[in-house]
Amino acid sequence: MDKPEDLLLDVQHLHTGFRLGDAFYDAVDDVSITLRKDEILAIVGESGSGKSTLATSIIGLHDMRNTKVTGDILYNNLNLVGLNETLFDRIRGKDIGMIFQDPLAALNPLMRIGEQIEETLVYHTKMNKEERDKRVLELLSQVGIPNPKRTARSYPHELSGGMRQRIVIAIAIACKPPIIIADEPTTALDVTIQAQILDLLEDIQREMHSGIILITHDLGVVAETADRVAVMYAGQIVESGTVMDVFKHPTHPYTRSLLRSMPQAESDDDELHVIQGVVPSLKNMQMKGCRFAPRIPWIPASAHEEHPTMHEVAPDHFVQCTCYKDFYFPDDDQAAEKGE
Amino acid sequence: MAMIEVRNLKIHYPIRSGFFNRVTDHVLAVDGIDFDIEQGETYGLIGESGSGKSTTGKAIVGLEPVTSGSIMYKGQDITKRSVRKHMQYNKDVQMIFQDSLSSLNPRKRIEDIIAEPIRNFQNLTKDEERHRVQELLDIVGMPSDALYKYPHEFSGGQRQRIGVARAMATNPKLIVADEPVSALDLSVQAQVLNFMKRIQEEYNISYLFISHDLGVVKHMCKKMAIMHRGRFVEIGTREDIYNHPQHIYTKRLLSAIPDVNPDDREKNKEHRREVERIFKEEESKYYSKEGRVLNLQKISDTHSVALPDSTMKGVHD
């Protein structure tokens, strides 16, 4: 499983800081992830956790005048951090495909669907017009568009939300990129359409053996589709591991709290679990210590590490900070036992 | 008698086209629905985008002209504007919107936002008014210094709570909540839902809870309706809908919800594909030739489903 040739992307100690006033504030703070061939890695977190910033850092879409990216993003012996634009243009779209949340905003309203897909092929391949047309139709049928010929000639507004997202996926996979980044690909869609799009992503992954980074806030989507998952909070990864490990044995207080605040079927008249406080904004982020500590104030400060590191609690299952050892929910019976 | 009785409600929009811009057809946004909302209960309205659930909600608040049918409240049909005005209907029925940023005026302070409905319906002095606003902020758990702030100074969850406080200002009997937590993060969503439940218990308010999220509706509502193409495909109690769904559309919707337990994912996927296949095969049976949802048939005291006649016998276990 851990063969080096399977490793597609190796992100090490990535920091992405945005300029606010005179200083830079890290929206992504010391994040390390790896993406292997043939897997779906989910990055899950609430708004403001830095999950989308991580994605845009990998594909290099930041406005570099106001952004500072440090660390390493290694792809094919190439460091994407600080790579010059000319080289990056050759990678973007060809080696890394990106699927955005809002398909209507991602598509050009004045261009026919066919042309938009063709655009990538013109830029990255040496295909002639005939080959490109053929490939466009091939792609459209691959993403499950019922009438490819007609759809290729239509405009984005003529299609439904689910169909538009399929087009965006078709553009992302046009050059058969080994890496696909999907940023909340189903958030704007209805549940039945969501299920279809997730199935499609899995099919594509199986067919092309690519690695997919799936960014989402929906724990259900993660549990149903991903192989591995990284939970992000306030710019850092607080827990990572296989989906089985993380969902069956959630360990970090944040992961446990999140899973508990989901409306569950059986707990009908109970109150839902509420995580105290709010996600800190970029400016108010505390730079030292465990960032989740202010939201679990009943855990003594001594339980946290001064400089939180990742601890391997099970093979390939990592948790940040030591506070997980002493963590309990105050409304549990356990709380009474602990005497406080 | 139920508090609100909706009978054969229809809302149609004209489609105009051609040389004289004549009405050539109608969009049947809501096409004949019946339901009751009881005092102090939460009625769930579930549907995908375009199913007509928001239109129904707006019609109940009086924001949407009704084509035909009636909405009875205290023995009067409030689909007429004059009736609504005469009985001060909107004092009793308020609304919470999905997008809290666009439903709060960015140029008004929280005090003025929350006081607006009070000023519309009650004659209070400045002090009484401030006292009332403070009380309302208390109910939704906001600090009193929020009075002088503007909407942009709050987070999404806080703004949604301000929306709840505003809806509460006139002591309403019914609050129509249109996707109140869809834009919120999981942990904040839990907070707002808890508040809504607590307020309901304390003040005996009814909710019409409109949502596409089946998990949230299951948590909030005891009775619900599944809406599709402007009509109800299935109505019943939580138990009826989630444990004994009968209509193919309901089954399909339920099978599409992702489960947080990764153990069952292969099984779920299998089940979903199976339901999808049956849906494709049998769709025509459950809808009329024009694609209209069939009439509801009663299969138990609480449970009605839009089933074709032939499948009527022995469906309920």
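## The annotated span

Helices (H or I, at least four residues) and strands (E, at least two) are DSSP runs, numbered from the N terminus. UniProt, in an unreviewed entry, places the feature "domain: ABC transporter" at these residues, 9-259 of chain A. UniProt positions follow the numbering used here, feature names are shortened, and annotations may be inferred rather than shown by experiment.

This is a predicted model, in which local features need pLDDT of at least 70 and side-chain atom pairs count only at pLDDT 80 or more, while totals for chains, interfaces and linings use all residues. Residues are numbered from 1 along each chain as its sequence is written, and chains are lettered from A and ligands numbered from 1 in the order in which they are written.

## Two helices side by side

Now look at helix 7 (residues 161-173) and helix 8 (residues 191-208) of chain A, which pack at an angle of about 15° with their axes 10 Å apart. Axes here are lines fitted to C-alpha atoms, for helices over the stretch in contact, and angles run from 0 to 180 degrees between N-to-C directions. Helix 7 and helix 8 of chain A are therefore roughly parallel to each other (angles under 35 degrees count as roughly parallel, over 145 as roughly antiparallel, 65 to 115 as roughly perpendicular and the rest as oblique).

Among the residues making the contact are Gly161(A), Arg166(A) and Ile173(A) of helix 7 and Ile193(A), Leu200(A) and Met208(A) of helix 8. Two residues are in contact if their C-beta atoms, placed from the backbone, lie within 7 Å. The residues of this contact divide into seven nonpolar, four polar and one charged (Ala, Val, Leu, Ile, Met, Phe, Trp, Tyr, Cys and Pro count as nonpolar, Asp, Glu, Lys and Arg as charged, and the others, Gly among them, as polar).

## Where chain A meets chain B

The contact between the chains takes 30 residues from chain A and 27 residues from chain B. On the chain A side, the elements giving two or more residues are helix 8, helix 9 (219-225), helix 10 (243-248) and helix 11 (253-260). Helix 9 of chain A provides the largest share, five residues. The chain A side divides into 17 nonpolar, seven polar and six charged residues.
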